Amino acid sequence: MHVERIGHVNIRTPLVEETLVFYETYLGLRRGDAVSAVWRADNVWLYDAQGFPLIHVNGPLPDEIAAPEGLTSRLDHVAFDCSGLKACRERLTAGGIAFREQPLPARQMHQLNLLDPNGIKVELTFRDDEVDA
């Protein structure tokens, strides 16, 4: 047995709509049905351009206490391999989303680090050949 890739990330939040809009607007993901619990309106998947489900967003259950915003566990961040660095920078800047750039020359990569509406750290990684593109 071996792990081939991350299947998906689940974000359980009372900020369902804000979370969906953030990932749609700034990462270009598309919302779609979550067949696991169609009876819940606050249960939605975000898909990449190829239709692969990446993020499962759902609200807390009625008797569940929502975790506070920000880092509440040892999970530090969610990372996405991306393309289109220039367009991503422009989209984040136009939306007023603060980000930090991190060149990683030893790995021939360049990262943008930011927070989603829930305070979850998001790492966007691009190939170095996109830095000046």
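## Leucine 114 and its contacts

Leaving out neighbours within four places in sequence, leucine 114 is in contact (heavy atoms within 4.5 Å) with Phe22, Leu92, Ile97, Ala98, Phe99, Ile120, Lys121, Val122 and Leu124. This is a predicted model, in which local features need pLDDT of at least 70 and side-chain atom pairs count only at pLDDT 80 or more, while totals for chains, interfaces and linings use all residues. Residues are numbered from 1 along each chain as its sequence is written, and side-chain values use heavy atoms, with hydrogens and water left out.

## The overall fold

Let's step back to the whole chain. Two helices and eight strands are found here; helices (H or I, at least four residues) and strands (E, at least two) are DSSP runs numbered from the N terminus. Along the sequence they follow the pattern β-α-β-β-β-β-α-β-β-β.

Of the 133 residues in the chain, 35% are buried, where buried means under 20% relative accessible area, exposed means over 50%, and partly exposed lies in between (1.4 Å probe, protein chains only). Among contacts between residues at least 6 apart in sequence, 48% join residues at least 24 apart.

## The nonpolar core

In soluble globular proteins, nonpolar side chains tend to be buried together. A nonpolar core here is a set of buried Ala, Val, Leu, Ile, Met, Phe, Trp, Tyr and Cys residues joined through side-chain atoms within 4.5 Å. The largest one has 25 residues, and Tyr23, Ile55, Phe80, Leu112, Leu114 and Leu124 touch the most other members. At least two residues each come from β1 (9-12), α1 (16-27), β3 (43-47), β4 (53-58), β5 (77-81), α2 (85-94), β7 (109-115) and β8 (121-127). The largest share, six residues, is supplied by α1.

Leucine 54 sits in strand β4. Not counting residues up to four places away in sequence, leucine 54 touches His8, Val9, Leu29, Leu46, Asp48 and Phe80.

Asparagine 113 belongs to strand β7, and this residue counts as buried because its relative accessibility is 16%. Beyond its neighbours within four places in sequence, asparagine 113 is in contact with Ala98, Phe99, Arg100, Gln102, Val122 and Glu123.

## The largest pocket

The largest pocket holds about 800 Å³ of space. On a 1 Å grid over the protein atoms alone, a pocket is an open set of points where a 1.4 Å probe fits, with protein on both sides within 12 Å along at least five of seven lines, and lining residues have an atom within 4 Å of a point. Its lining has 30 residues, with Leu29, Leu54, Phe80, Asp81 and Cys82 nearest the centre. Two or more lining residues come from each of α1, β5, α2 and β8, and β5 gives the most, with five.

By residue type, the lining divides into 17 nonpolar, eight polar and five charged residues.

## The cysteines

A disulfide is a covalent bond between the sulfur atoms of two cysteines. With the cut-off used here, a pair of cysteine sulfur atoms within 2.5 Å, the count comes to zero disulfides. The sulfur nearest to that of cysteine 82 belongs to cysteine 88, 6.3 Å away, which is too far for a bond. Cysteine 82 is partly exposed, with a relative accessible area of 22%, whereas cysteine 88 is buried at 9%.

Conventions
Points joined across faces, edges and corners; volume = space filled by probe spheres on them. Nonpolar A, V, L, I, M, F, W, Y, C, P; charged D, E, K, R; others polar.
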